[in-house]
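Have the structure open as you read.

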Amino acid sequence: MAMALRCFRHLPLLLYRSSFAMTRGLPQAPAGCSALLLDGCRQCVHQVPLTRQLATKKAKGKSQAKVNISAALVEDIINLEETSEDMQAVVEALKEDFSRNISVRTSPGALDHIMVMTQEGKFPLNQLGQISQKSPQLIIVNMTNFPESTAAALKAIRDSGMNLNPEMDGTIIRVPVPKVTREHRESLAKLAKQSTNKSKEALRKVRSKSINQVKKFKSKVSEDTIWLLEKQIQQMADSTAAEMDKLLAAKTKELLG
């Protein structure tokens with residue numbers, strides 16, 4: 001690992017010659033260096049100096065080359081695999097939200113995991129009340145087992161973001177199922193967009209946390225190493241955000257019919 005970190009200090013010159021060699025067709029540096037800096041590029045950093053590729057007027061509008069640093073090489077600085085997993089977890093949470101809470105047809109199962117704040121803490125609605133569908137237009141939540149939580153359950157359903165207007169009748173909560181109108185579909189599409197924006201905010205927090213972790217090593221590794229890692233993390237975040245946009249587009253199409 002010490003050898004790999006020493007190699008990183010020579011990254012500035014390595015990037016320049018590597019890109020120059022590719023554009024000019026020059027022979028690449030001899031293989032054999034154990035430090036895998038970029039996927040598909042095994043070069044000895046002592047023989048082939050590199051520097052950052054800076055944007056020029058000619059390069060405007062063209063996509064810049066992606067950074068793909070070996071996770072094993074920087075494991076003492078940051079766990080890139082863990083960062084990727086954290087970002088993907090945000091995507092999975094968005095998928096689950098779309099599946100459970102944002103559907104044209106509201107079903108009893110959609111209410112199961114609405115979190116209710118009680119004096120004892122937060123609990124899913126289906127642990128406090130019995131949820132059933134009395135008719136296609138009405139869902140009933142029976143709070144007989146936890147009558148003291150009826151008002152809290154009513155508030156949780158109303159604030160769930162599912163565009164529901166529940167009514168309380170003693171320990172019974174009546175939840176009218178919204179009619180499938182164009183207005184209802186458009187309302188659900190707005191909810192899907194809001195949910196996506198919240199997920200993107202969670203993604204930004206993952207990105208910021210990772211970049212802050214990298215910056216802690218400013219005094220131990222070169223400036224260009226920090227720059228490359230920040231760029232790698234930003235690319236991972238951009239890719240994840242693009243995946244979210246695709247999910248939103250598909251969900252919007254489904255909702256608007």
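Start at helix 5, residues 150-158, where T150, A153, L154, A156 and I157 are buried. Keep in mind that this is a predicted model. Look down the axis of helix 5 and its buried residues fall within an arc of 165°, so they line one face of the helix. And what sits over them? The cover over the buried residues of helix 5 includes strand 1 (115-118), helix 4 (125-128), strand 4 (138-142), strand 5 (167-169) and strand 6 (172-176).

Now step back into the loop between strand 4 and helix 5, where you'll find F146. Is F146 buried or partly exposed? With a relative accessibility of 32%, F146 counts as partly exposed, because the buried label is kept for values under 20%. Setting aside neighbours within four places in sequence, F146 is in contact with Q127 and L128.

Next, the nonpolar cores. The largest has 33 residues, and I78, L80, M87, I102, L229, I233 and L255 touch the most other members. Helix 3 (80-101), helix 6 (182-215) and helix 7 (223-256) are the elements giving two or more residues to this core, and helix 7 gives the most, with ten. Pick out L80: beyond its neighbours within four places in sequence, L80 is in contact with I69, A71, V74, L229, Q232, I233 and M236. There is also a second, separate core of 18 residues, which includes I114, L125, L128 and L154.

Notes:
Residues numbered from 1 in each chain as written. Predicted model: local features only at pLDDT ≥ 70, side-chain atom pairs only at ≥ 80, totals over all residues. Heavy atoms only, no water. Buried < 20%, exposed > 50% of the residue type's maximum accessible area, 1.4 Å probe, protein only. Helix = DSSP H or I, 4+ residues; strand = E, 2+ residues; numbered from the N terminus. Arc of directions from axis to C-beta. Contact = heavy atoms within 4.5 Å. Core = buried A, V, L, I, M, F, W, Y, C linked by side-chain atoms within 4.5 Å.
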